[in-house]
Amino acid sequence: MGEKYDAIVIGSGISGSSVGAMLSKLGYKTIVLEQSEQVGGRTFAFDGDTLTKDHFLKTLAMYDCTVAVAEPDLDTIFREGLLKGYTVDIGYHRGYTGPIIDAIKSLGGEIETCPPFEIPWDPKLGLSFPDLMEVSKRITELNPNPDDYDDVSIVEFAKEQGWDLNGNLYKMFRFMADAMQAVKPIDQTAAGDPIRSLLLRGRRQRFPVSAAAGGGLKGEILLPPKGGSDNVSKSFLNIITKNGGSVRTGAKVKKIVVEGGVATGVVVGKDELIQGKIIVYSGVIFSLPNIIEKKHLPKDYLRRIDALSGTGVGGFLMNAGFPAPQSAPAGIFSEFPPVSGFGGRFFNAVPAGRAMGCAPDGKELLFAGWAITPEENELLIRDKELTKKIFKSFSGKLSEVIAGYDKSDWKIVITCPSCYSVGSRVFASGKYRLENRVPTVGNLFLAGDGVRGAVNFGQYAAYKSAERCFAEIMGAYPLSLL
Ligand SMILES: Cc1cc2nc3c(=O)[nH]c(=O)nc-3n(C[C@H](O)[C@H](O)[C@H](O)COP(=O)(O)OP(=O)(O)OC[C@H]3O[C@@H](n4cnc5c(N)ncnc54)[C@H](O)[C@@H]3O)c2cc1C
């Protein structure tokens, strides 16, 4: 019989690693089990020197990402070693990293971040950051409880408030929904997340507003980790090992063992049983029914898990440039010009190279992402002519915002449009989010960007859900009772 743990955490992404760090800091004997050979979950970074095409594609596939298009093609990129010297950080995150960094430090961990910087807003979007602050203030005054908005459609909410559905406020919601990859039609989108993200901004007041036209985002809330976003999870995991806990990679949990309504442990690999008093599942929520007998999950859970599937797709591009353009902005929120079938969508682009230590000296790496629908994704995969048009439109836009982009020798454009994310599905359906404690198995807890408490989006949502999961564990299983 193996060791018995106070807490077994399944998954080493932002949510699993952070809830594990919180527990171990308090003295819970904690183990994190990660199925992959690398930690960090969907914040994954690759070392361009050793990266192979096979590893790249396999890792992407684990998170439902594919490379539909690459220029030059993937074979050329790997044959010619075009990624050597780079850290290829998929999903280079800038939003809301600051509070997560604060949490790492408050738990006694260490992480190096890039200096604060500003992301300008494209004035052509028709709204400015101060507008958003104003709306946020108004919503806070209207109703202080963000959870109330989970079941309310944006359109209904706007109508109730007497807001002009063609005016700036509505446009702003559409912008937020697109920005968060809520690709369902706006009138089917739950109001919860766009509003909560505004509330969060309004309440925290951590974004000094730029005087520049269009306003901007700036400040300590946008603090990406140096050297790759998976360093966030690594820092949390270091806290766990520093406090006597363990982290195992290549440890896929095949089954959560439940006896008499209590989870007693997990089965890893073929038949290794690891016993635990509390189990936290932090993998993507759709996979939960694969590792626990369905009879142990509430029917309502299963229905909601079902309802979450297939509602959202994100997209991203990565450009590696040789050499670095002289005046890349810190980032840009903009729309690229409409291409037939695509409709001109919001995108953001951030140079992720020099400042973050992800590109070799004198070179640059640009990460750009945009929101696409499942139908557009299909089109991208099938219609190579359309893809070319999109690249052209996108490159044209980048030439506008990055001086010298068109003259520099930008070599690589990779796109992984089939990037399903739990977050994007959940934004489109806030009401389906699952509770952090499984009601039918009292010592089984959930964390991750698809469960309650996952305020806002992406990494930040994953971290917030972990905070809430931790609070539930504290309430039900304080260390003194274990
Ligand atoms: C391409 C891409 C771009 C993105 N861009 C952004 C962005 O710009 N900004 C932003 O904020 N967010 C972004 N996101 C979303 C963000 O990365 C995620 O929301 C966040 O990392 C989710 O963290 P998590 O802990 O909830 O889940 P995950 O990171 O998915 O972690 C779950 C972990 O559990 C492991 N696991 C699952 N099942 C098992 C099992 N049975 N046994 C053992 N281990 C298991 C998985 O391997 C994984 O490591 C992006 C995501 C992708 C894929």
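**A walk through the predicted model**

Arginine 433 lies in the loop that runs between α14 (422-427) and β17 (444-446), where helices (H or I, at least four residues) and strands (E, at least two) are DSSP runs, numbered from the N terminus. This is a predicted model, in which local features need pLDDT of at least 70 and side-chain atom pairs count only at pLDDT 80 or more, while totals for chains, interfaces and linings use all residues. Residues are numbered from 1 along each chain as its sequence is written.

Although it sits in a loop, arginine 433 counts as buried because it has 26 C-beta neighbours inside 10 Å; a residue is buried if 20 or more other C-beta atoms lie within 10 Å of its own, exposed if 12 or fewer, and partly exposed in between, with C-beta atoms placed from the backbone. Aspartate 449 is 16 residues from arginine 433 in sequence, and their C-alpha atoms are 9.0 Å apart in space.

Another loop, between β9 (253-259) and β10 (262-268), holds glycine 261, which counts as exposed because it has 11 C-beta neighbours inside 10 Å. Leaving aside neighbours within four places in sequence, glycine 261 is in contact with Thr440 and Val441, two residues being in contact if their C-beta atoms, placed from the backbone, lie within 7 Å.

Among contacts between residues at least 6 apart in sequence, 74% join residues at least 24 apart.

The contact is made on the α1 side by Ile14, Ser15, Ser18, Val19, Met22 and Leu23, and on the α15 side by residues including Ala462, Tyr463, Cys469 and Phe470. By class, this contact has 10 nonpolar, four polar and no charged residues, where Ala, Val, Leu, Ile, Met, Phe, Trp, Tyr, Cys and Pro count as nonpolar, Asp, Glu, Lys and Arg as charged, and the others, Gly among them, as polar.

Helix α13 (residues 384-401) has 18 residues and reaches 26 Å from its first C-alpha to its last, close to the 26 Å expected at 1.5 Å a residue, the expected span being 1.5 Å times one less than the number of residues. Its buried residues are Ile390, Phe394, Lys397 and Leu398. They are on the same side of α13 because they cover an arc of only 100° around the axis, the arc being that of the directions from the helix axis to the C-beta atoms. On the other side of α13, Lys384, Glu385 and Lys392 are exposed.

Finally, the peptide bond from glutamate 71 to proline 72 is cis, with omega near -5°, and proline 72 has its place in the loop between β4 (69-71) and α3 (74-79).
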